[in-house]
Amino acid sequence: MLNSGDLDFSFSGLKTAVLTLVRQQQPDDQGRADIAAEFQSAIVDVLAGKSLRALKQTMLKQLVVAGGVGANRLLRERLSASARRNGFTVFYPELEFCTDNGAMIAFAGALRLQTASRLPPPASRGFSVRPRWDLASLDTPQTA
């Protein structure tokens, strides 16, 4: 992903590879810790690299980190070091505000279920799922 030349990233393949490895090898505690450390390192490499590329492409000098990933110490260290070396500012929320949006989505879903009888059928809402949606297409309106 680091050499793709774009700003897209997805870790689903990496997560699947790690799950497969753990199921096949059934590592001991040290092995699991090593796998987890390498998993974290790979993701931080990609997030930091893509963030730096985005700053260079946009010529912006400020980066905002948000969501659950903002709590990751290694990511904070890497981005802060890059900011010092490359002359940009990075902003992080306080750790208590670095929440995973999965809980928010689940709560929103629960609220939707409560009001489901008052909503029109899904087909009439004009919503369609687009797996692997190319982020570059967001610049122009797309039809489902």
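Visitor: Which residues does Ser 82 touch, not counting residues up to four places away in sequence?

Guide: A contact means heavy atoms within 4.5 Å, and with those close neighbours in sequence left out, Ser 82 touches Leu 52, Gly 87 and Phe 88. Before we go on, please note that this is a predicted model, in which local features need pLDDT of at least 70 and side-chain atom pairs count only at pLDDT 80 or more, while totals for chains, interfaces and linings use all residues. Residues are numbered from 1 along each chain as its sequence is written, and side-chain values use heavy atoms, with hydrogens and water left out.

Visitor: What is the mean pLDDT of the chain, and which elements have the lowest and the highest mean?

Guide: The term pLDDT stands for the predictor's confidence in each residue, from 0 to 100. The chain has a mean of 84, and 81% of its residues reach 70 or more; among its elements, helix α4 (residues 101-114) has the lowest mean, 80, and β2 the highest, 97.

Visitor: How many helices and strands are there, and in what order do they run?

Guide: Helices (H or I, at least four residues) and strands (E, at least two) are DSSP runs, numbered from the N terminus. This chain has four helices and two strands, and from the N terminus on they follow the order α-α-β-α-β-α.

Visitor: Is Ser 82 buried or exposed?

Guide: Buried means under 20% relative accessible area, exposed over 50%, and partly exposed in between, with a 1.4 Å probe and protein chains only. Ser 82, which has its place in helix α3, counts as buried because its relative accessible area is 2%. Arg 85 also lies in helix α3, but Arg 85 is exposed, with a relative accessible area of 61%. The side chains of Arg 85 and Ser 82 are joined by a polar contact of 3.2 Å; such a contact is a pair of N or O atoms within 3.5 Å, where within protein one must be able to donate a hydrogen and the other to accept it, and residues adjacent in sequence count only if both atoms are side-chain atoms.

Visitor: Which other elements do the buried residues of α3 pack against?

Guide: Those residues are Leu 75, Arg 76, Leu 79, Ala 81, Ser 82 and Ala 83, and they pack against α2 (29-58), β1 (62-64) and β2 (89-91). Over the chain of 144 residues, 18% count as buried.

Visitor: How far does helix α3 reach, and what is found at its ends?

Guide: The expected span of a helix is 1.5 Å times one less than its number of residues. Helix α3 (residues 73-86) has 14 residues and reaches 20 Å from its first C-alpha to its last, close to the 20 Å expected.

Visitor: Where do residues other than glycine take a positive phi?

Guide: Most residues other than glycine have a negative phi. Here Gln 26 has a positive phi near 45° and is found in the loop between α1 and α2, while Met 59 has one near 60° and lies in the loop between α2 and β1. Gln 26 counts as exposed at 65% relative accessibility, and Met 59 counts as exposed at 69%.

Visitor: What does the side chain of Arg 32 reach?

Guide: Arg 32 is found in helix α2, and its side chain reaches the backbone oxygen of Pro 27 at 2.7 Å. Arg 32 counts as partly exposed, at 39% relative accessibility.

Visitor: How many aromatic pairs does a search of the whole structure find?

Guide: A pair of aromatic rings is described by the distance of the centres and the angle of the planes. Rings of Phe, Tyr and Trp (its six-membered ring) pair if their centres lie within 6.5 Å, and planes under 30 degrees apart count as stacked, over 60 as edge-to-face and the rest as tilted. The search finds one pair: Phe 9 and Phe 11, tilted, at 5.5 Å centre to centre with 35° between the planes. Phe 9 is partly exposed, with a relative accessible area of 43%, whereas Phe 11 is buried, at 15%.
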